[in-house]
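Take a moment with the sequence and the model before reading on. The paragraphs below go from the whole protein to a few of its details.

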Amino acid sequence: MITQAKKLLTKYYGYQDFRLGQAQIISSILDNNDTLAVMPTGSGKSVCFQIPALILPGITIVISPLISLMKDQVDNLNNLGIKASYINSSLTETEISNRLNLTAKNEYKILYIAPERLASYKFLELVQQLNISLIAIDEAHCISQWGHDFRPSYMAIAGFISNLKQRPIVAGFTATATEKVRFDIIKNLQMNNPEIVLTGFDRPNLYYSVLRDVHKIGYIIDFLTKKKTESGIIYAATRKEVDHLLDV
């Protein structure tokens with residue numbers, strides 16, 4: 001199946017080969033294994049569940065806490081010709097009802113939802129009618145109280161999965177997971193002997209340094225002078241400092 005996955009990668013995403021860890025994760029999912037993937041931000045985690053979604057029968061449900069990212073990913077998928085949608089609190093009740101109806105008619109291959117949607121009776125009633133092949137949990141560290149961004153709504157995911165007529169493949173994705181957090185993800189999602197893929201946390205394109213005993217404003221002016229043609233972000237501790245920098 002990885003050959004088929006590579007063809008889809010080229011067809012929809014324009015890449016000839018997978019990045020580090022992607023092929024292993026996709027192969028694991030397509031082999032019907034629960035899978036936990038820990039990959040740095042920007043390493044292509046979404047491809048690891050979007051491509052299996054195209055190959056597996058039925059629908060893939062993606063649980064994500066990032067509302068703005070949901071819209072971006074769904075817009076990109078639709079632009080690529082992949083039928084996808086999302087349901088979250090940014091929509092009106094009418095829009096949600098329309099999308100639920102289209103989901104019931106099998107109009108989507110991928111449906112993104114916020115974890116709070118798992119408390120909706122209408123949604124829970126709908127999923128019992130669906131052929132769900134894969135549930136992908138993005139930002140999976142949110143299920144762990146050891147994580148930096150714990151969300152209680154994530155604790156409902158395991159119960160949601162166990163109430164489905166047929167258990168789908170379960171895959172968790174995160175960029176930040178210590179050993180304790182990984183243990184919590186596997187335990188709280190009730191994953192079945194998952195394959196764990198760790199590609200590391202390192203972002204070789206990022207560089208950090210700490211400078212001491214420098215004149216801040218002078219350093220910033222000198223830095224910007226040398227980087228006139230480049231873009232970037234300057235962070236400050238307070239709004240007052242930001243306003244002061246704008247006036248320099």
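**From surface to core**

The protein exposes about 14600 Å², and carbon and sulfur atoms supply 52% of it. Keep in mind that this is a predicted model. Along its principal axes, the C-alpha trace spans about 65 × 40 × 40 Å. The protein has 248 residues, and 43% of them count as buried. Its secondary structure comprises 10 helices and 7 strands. Look next at contacts between residues at least 6 apart in sequence: 73% of these join residues at least 24 apart.

Now go inside. The largest nonpolar core has 69 residues. Which of them have the most contacts inside it? They are Ile51, Tyr112, Phe123, Ile135, Ile137, Phe173 and Ile185. Helix α3 gives this core its largest share, 6 residues.

Ile137 is then in contact with Ile63, Tyr154, Ile157, Val170, Ala171, Gly172, Phe173 and Leu189. Phe173, one of these partners, is also on the list of core residues with the most contacts.

What does α3 meet? One partner is helix α1, which covers residues 2-13. Two packed helices are described by the angle between their axes and the distance between the axes. Here the axes come within 10 Å and cross at roughly 110°. Angles of 65 to 115 degrees count as roughly perpendicular, so α1 and α3 are roughly perpendicular to each other. From α1 come Gln4, Ala5, Leu8, Leu9, Tyr12 and Tyr13. They meet Val47, Gln50, Ile51, Leu54 and Ile55 in α3. The residues of this contact divide into 9 nonpolar, 2 polar and no charged.

Finish in the loops. Asn32 sits between α2 (22-30) and β1 (35-38). Its phi is near 70°, a positive value in a residue other than glycine. Is Asn32 buried or exposed? Its relative accessibility is 57%, so Asn32 counts as exposed. The loop between α5 (93-104) and β4 (110-113) holds Asn106. Phi of Asn106 is near 60°, again a positive value in a residue other than glycine. Asn106 has 58% relative accessibility and therefore counts as exposed.

Conventions:
Residues are numbered from 1 along each chain as its sequence is written. This is a predicted model: local features need pLDDT of at least 70, side-chain atom pairs count only at pLDDT 80 or more; totals for chains, interfaces and linings use all residues. Side-chain values use heavy atoms; hydrogens and water are left out. Axes are lines fitted to C-alpha atoms, for helices over the stretch in contact, and angles run from 0 to 180 degrees between N-to-C directions. Helices (H or I, at least four residues) and strands (E, at least two) are DSSP runs, numbered from the N terminus. Angles under 35 degrees count as roughly parallel, over 145 as roughly antiparallel, 65 to 115 as roughly perpendicular and the rest as oblique. Contact means heavy atoms within 4.5 Å. Ala, Val, Leu, Ile, Met, Phe, Trp, Tyr, Cys and Pro count as nonpolar, Asp, Glu, Lys and Arg as charged, and the others, Gly among them, as polar. Buried means under 20% relative accessible area, exposed over 50%, partly exposed in between (1.4 Å probe, protein chains only). Accessible areas come from the Shrake-Rupley method with a 1.4 Å probe; for residues, only the protein chains shown count as cover. A nonpolar core is a set of buried Ala, Val, Leu, Ile, Met, Phe, Trp, Tyr and Cys residues joined through side-chain atoms within 4.5 Å. Lists of a residue's contacts leave out its neighbours within four places in sequence.
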